[in-house]
Amino acid sequence: MQVRLLLGAFNTELRLMGKIDEIYMSEALKEAQKAFGENEVPVGAVIVYKRRIIARGYNQVEKLKDPTAHAEMLALTSATNYLGTKWLNESSIYATIEPCSMCAGALVLSRIKNLYFGAKDPKAGACGSVVDITNHKKFNHHIKVKGGILEKECGSLLREFFKKKRKKD
């Protein structure tokens with residue numbers, strides 16, 4: 001009886017954790033929608049520390065004329081400024097797409113604890129799809145990575161953006 005209660009509580013906790021990940025990813029999706037509205041590649045990110053969103057970012061490459069102005073990079077800068085430290089070892093990032101090599105490298109350098117992403121990026125994903133910078137054996141920091149959170153919603157926003165882009169050209 002006691003074992004059954006413990007297993008039930010554990011399963012409930014696992015389901016809640018999945019819901020929490022979806023809630024944070026939906027916040028990252030809101031950021032991606034801002035990018036979409038500004039004719040930027042619709043990628044969004046939020047950084048969570050102690051169950052609170054402390055930073056947000058969305059792609060602003062075109063707006064800022066800066067190839068490094070990816071959602072993850074902007075969120076990282078905001079989070080480190082907020083916490084007053086270069087290390088984010090107790091934080092998690094939620095990004096709507098698998099980070100590229102630049103962003104994955106910056107996440108490793110920030111020592112972020114967890115990375116949750118929505119859609120895989122088969123062309124430039126650096127968290128397992130093309131390369132895996134987040135868990136490279138030679139690096140001194142590794143990130144716990146979980147993909148596929150609200151994957152359908154994240155992927156459809158990107159597909160819609162590029163479909164619209166191709167119609168204009």
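This is a predicted model: local features need pLDDT of at least 70, side-chain atom pairs count only at pLDDT 80 or more; totals for chains, interfaces and linings use all residues.
**Stop 1: the aromatic pairs**

The model holds four aromatic pairs. Select Tyr 24 and Tyr 94. Their rings form a tilted pair, 5.1 Å centre to centre with 50° between the planes. Now colour by sequence position. Tyr 24 belongs to helix 1 (residues 2-37) and Tyr 94 to strand 3 (residues 91-97), so the pair links distant parts of the chain, 70 residues apart.

Next, select Phe 36 and Phe 161. The ring centres are 6.0 Å apart and the planes stand at 70°, so this pair is edge-to-face. The cut-off for that label is over 60 degrees. Phe 36 sits in helix 1 and Phe 161 in helix 5 (residues 151-168), so the pair ties together parts 125 residues apart in sequence. Phe 36 is buried, with a relative accessible area of 16%. Phe 161 is buried too, at 2%.

The three form one aromatic cluster.

**Stop 2: a charge over a ring**

Select Trp 87 and Arg 111. Arg 111 lies over the face of Trp 87, at 3.8 Å from the ring centre.

**Stop 3: the nonpolar cores**

Nonpolar side chains tend to be buried together in soluble globular proteins. Which residues have the most contacts inside the largest nonpolar core? Select Ile 47, Ile 93, Leu 107 and Leu 115: they are the ones, in a core of 25 residues.

Show the secondary structure around them.

Zoom in on Leu 107. Leaving out residues up to four places away in sequence, Leu 107 touches Leu 76, Ile 93, Pro 99, Ile 112, Leu 115 and Ile 143.

Another core, of 16 residues, lies apart from the largest one. Among its members are Tyr 24, Ala 119, Ile 149 and Leu 150.

**Stop 4: Leu 83**

Finish in helix 3, with Leu 83. Leu 83 has 27% relative accessibility, so it counts as partly exposed. Which residues does Leu 83 touch, not counting those up to four places away in sequence? They are Tyr 49, Ile 54, Leu 88 and Ser 91. Draw a C-alpha distance from Leu 83 to Ile 54: the separation is 8.5 Å, for residues 29 apart along the chain.

Note on methods:
Residues are numbered from 1 along each chain as its sequence is written. Side-chain values use heavy atoms; hydrogens and water are left out. Rings of Phe, Tyr and Trp (its six-membered ring) pair if their centres lie within 6.5 Å; planes under 30 degrees apart count as stacked, over 60 as edge-to-face and the rest as tilted. Helices (H or I, at least four residues) and strands (E, at least two) are DSSP runs, numbered from the N terminus. Buried means under 20% relative accessible area, exposed over 50%, partly exposed in between (1.4 Å probe, protein chains only). A charge sits over a ring if NZ of Lys or CZ of Arg is within 6 Å of the ring centre and within 35 degrees of the ring normal. A nonpolar core is a set of buried Ala, Val, Leu, Ile, Met, Phe, Trp, Tyr and Cys residues joined through side-chain atoms within 4.5 Å. Contact means heavy atoms within 4.5 Å.
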